[in-house]
Amino acid sequence: MKFKFKLFLLMVGLFVLPISLSSSAYAATVATSQPAIYAKAAIMVDADTGQILYEKNVHQPMAIASISKLMTVYIVHQQIQSGKLHWDDRVKISPAVAKLSTASGLTNVPLKAGHSYSIRALVNAALVVSANAAAIALGQKVAASPQRFANKMTATAKHLGIKDAKFYNAAGLTNKLTGSLALKHVAANAENLLSAKDVALLASRLESSFPAVTKVTSRSQMTFAGKTYPGHNQLLGTNLGIKGARVTGLKTGTSDEAGACFAGSATYRGHRVVTVILGARNNSATDPARFIQTKKLLTTVLSKQTPIKIAKQSRIAGASEGRVPDGKQQTTRLVNQKTTWVWVPKGVTRQQIKGKYVKQPKKITAPEKKGKQVATANLVYDHHFMKYLNTFSKTVNLVTSKSIQKANPFVLIWRALTRLF
């Protein structure tokens, strides 16, 4: 009896061992594929699906400096989309904004008090040159006062799904540095705060909603009022060393509290990705640390991971069948409702991507048309669930692959009788 029991344990061990080794090997592969990013926080996501491809300390709100201008530009785009503003509308510059535009130590294009500049020119200056006064002028055009625009930034963030942001001005300056435009009853060193995850969310929504923004952010310089100014993105035009990858923006940010920050955007084989580096080394105005870390993040992730297409009307293993008790056939095939892309480690095949029902499929009542949604599922590979930014869909919809006819009454009666025995 003891011999049989030992033999049983040996057989169980031989069966379990490969699984354990496989899981350990998988975990080791994932761990070694993650780059060591030297920054306080970092993240990389697919801008269209919100899938998180890399993350480090992404939930902690921290100073983001001029990356704040992405929110300002997002709001301006919304105002234009709704017809409240137009690209050629003029913005008259107040004495306070004009003074800010020539303040020592701040990035700017000079603005003259009493002169007017187009919204398009100010947006370009805010994005390419990181012109602080231009961003403040845009905020005043939208909301008439710094406080009202700060409130609008906060409200817009909440609408996007960002709950713990702090906004004090359109430019990302400390409250004190805005001079006479500083908010009352707010600390002098108060500075806009966002987590890396929420910066990625903002940047992704900006690109998805207003894709033309990268036509501006991909410029290495710009002309304003007849003078040419260089941009700050040192990755533009550089070779990442990965075929099909190209940097398209997006926004730098620097302050004593924030360190060197960069929200980057790039395209890779038709896919848009967003990277965020917060709190990188900042030894000088030209310190390339944030760009070095961004390049490392891009090259490592893109060399280790790949997007795989889950085609529309395709079956997903593990979530491909629905019950139709009163149908001619009592089961029906379920398929993906629309084309979906997921990033997985290279070497993982389409066949290895499976579905895990969020809820078991509803019983389908015949007759039913093709395309009826009956279930949702998470996509997984090797028991690994994909992670997504807040407000992006984490599931796929599963629908009937063909129309379903109802069984005739005699068949239904017979089925009912057989269930009694």
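Student: What supplies the lining of the largest pocket?
Tutor: Strand 9 (245-255) and helix 9 (289-304) each supply at least two residues of that lining, and strand 9 gives the most, with four residues. Helices (H or I, at least four residues) and strands (E, at least two) are DSSP runs, numbered from the N terminus. The model is predicted: local features need pLDDT of at least 70, side-chain atom pairs count only at pLDDT 80 or more, and totals for chains, interfaces and linings use all residues. Residues are numbered from 1 along each chain as its sequence is written, and side-chain values use heavy atoms, with hydrogens and water left out.

Student: What makes a space a pocket and not a cavity?
Tutor: On a 1 Å grid over the protein atoms alone, a cavity is a set of points where a 1.4 Å probe fits but cannot get out, whereas a pocket is an open set with protein on both sides within 12 Å along at least five of seven lines; lining residues have an atom within 4 Å of a point. The largest pocket has a volume of about 750 Å³. Its lining has 31 residues, of which G105, T107, G253, T254 and S255 are the closest to its centre.

Student: How is that pocket lining divided by class?
Tutor: Into eight nonpolar, 18 polar and five charged residues. Ala, Val, Leu, Ile, Met, Phe, Trp, Tyr, Cys and Pro count as nonpolar, Asp, Glu, Lys and Arg as charged, and the others, Gly among them, as polar.

Student: How many cavities of 30 Å³ or more are found?
Tutor: Two, in a search of the whole structure. The largest cavity holds about 100 Å³ of space. It is lined by 15 residues, and L127, V128, H232, N233 and L250 are the closest to its centre. Strand 9 provides the largest share of this lining, four residues, while helix 4 (119-129) and helix 8 (213-217) are also among the elements that supply at least two.

Student: Which classes line the second largest cavity?
Tutor: Seven nonpolar, five polar and no charged residues. The space there is about 80 Å³, and helix 5 and helix 6 (146-160) each give two or more residues to the lining.

Student: Why is A137 called buried?
Tutor: Buried means under 20% relative accessible area, exposed over 50%, and partly exposed in between (1.4 Å probe, protein chains only). A137 has a relative accessible area of 4%, so A137 is buried. The residue sits in helix 5 (residues 132-143) and touches V91, I93, V97 and L122, not counting residues up to four places away in sequence; contact means heavy atoms within 4.5 Å.

Student: What makes helix 4 largely enclosed?
Tutor: Nine of the 11 residues of helix 4 are buried, so the rest of the structure largely encloses this helix. The buried residues include L122, V123 and L127. Just after helix 4, S130 takes a positive phi of about 60 degrees.

Student: Is R269 buried or exposed, and why?
Tutor: R269 has 55% relative accessibility, so R269 counts as exposed. R269 lies in the loop between strand 10 (259-268) and strand 11 (271-280), and its phi is near 50 degrees, a positive value in a residue other than glycine.

Student: Why does A65 get its burial label?
Tutor: A65 has a relative accessible area of 1%, so A65 is buried. A65 is in the loop between strand 3 (62-63) and helix 2 (69-81), with a positive phi near 50 degrees.

Definitions and conventions
Grid points are joined across faces, edges and corners, and a volume is the space filled by probe spheres set on the points.
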